[in-house]
Amino acid sequence: MNPSDDWEQRSADLWAAFNAAPDGWDEEEFRERVGVLADELGPDHPVAAFERACAWDSTGHSDKAVPLYRRALERGVDGIRRRRAVIQMSSSLRNTGQPEESVRLLVEERERGSDELDDAVSATLALALTSVGREREAVAIAVGALARHLPRYQRSMANYARLLVEPH
């Protein structure tokens, strides 16, 4: 069951306030406020686990976020939150010294389909690849993602990105 529109709005408002003034928030208070909202959904709700993970992650605690992202995914978080959970968990895994798992998850995610978060998947994958010593591939992915947004040189940049990883 998805959260109500009212719940979604209150959650969006809380995140907007946090993001508008990140230095003005007490991190523990913010996590508590997210927790109060999450509690409304119930202890087993995938969105509750996802929101708690985001709150820990956004306050610099990747280690506490990863198990909550896993729980959200295991419990069936769906829609755009599912993809965000994969991206954010992968970033946190990289930050906690598990870049190989991060790369694996993001490569799988790229194969699942396309949406507005494609470039976020690519950017996070590029970072993870640098953490496992695959810098050329990381640059190729980053330049390939960037090429689509350039007003000129799109085809050239896409070709350069491809040539970085093609066998010589």
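Helix H6 supplies the largest share of the lining of the largest pocket, 6 residues. The model is a predicted one: local features need pLDDT of at least 70, side-chain atom pairs count only at pLDDT 80 or more, and totals for chains, interfaces and linings use all residues. Residues are numbered from 1 along each chain as its sequence is written, and side-chain values use heavy atoms, without hydrogens and water.

The volume of this pocket is about 160 Å³. Helix H4 (62-74), helix H5 (79-95) and helix H6 (99-112) are the elements that give two or more residues to its lining. A pocket is an open set of points on a 1 Å grid over the protein atoms alone, where a 1.4 Å probe fits, with protein on both sides within 12 Å along at least five of seven lines; lining residues have an atom within 4 Å of a point. Volume is the space filled by probe spheres set on the points, which are joined across faces, edges and corners. The lining of the largest pocket includes Arg70, Met89, Glu101 and Arg112. By class, the lining residues are 4 nonpolar, no polar and 7 charged. Here Ala, Val, Leu, Ile, Met, Phe, Trp, Tyr, Cys and Pro are nonpolar, Asp, Glu, Lys and Arg charged, and the others, Gly among them, polar.

The protein chain has 9 helices and 0 strands. Both are DSSP runs numbered from the N terminus (helices H or I, at least four residues; strands E, at least two). Of its 168 residues, 39% are buried. Buried means under 20% relative accessible area, exposed over 50% and partly exposed in between (1.4 Å probe, protein chains only).

Aromatic pairs number 6. Rings of Phe, Tyr and Trp (its six-membered ring) pair if their centres lie within 6.5 Å; planes under 30 degrees apart are stacked, over 60 edge-to-face and the rest tilted. Trp15 and Phe18 pair edge-to-face, at 6.0 Å centre to centre and 90° between the planes. Both lie in helix H1, 3 residues apart. Trp15 also pairs edge-to-face with Phe30, at 4.9 Å and 85°. This pair links distant parts of the chain, with Phe30 in helix H2 (residues 27-41). Trp15 and Phe30 are both buried. Ring pairs join Trp15, Phe18, Trp25 and Phe30 into a cluster.

Ser11 also lies in helix H1 (residues 5-20). Ser11 counts as buried because its relative accessible area is 4%. Leaving aside residues up to four places away in sequence, Ser11 touches Leu37 and Glu51. Contact means heavy atoms within 4.5 Å.
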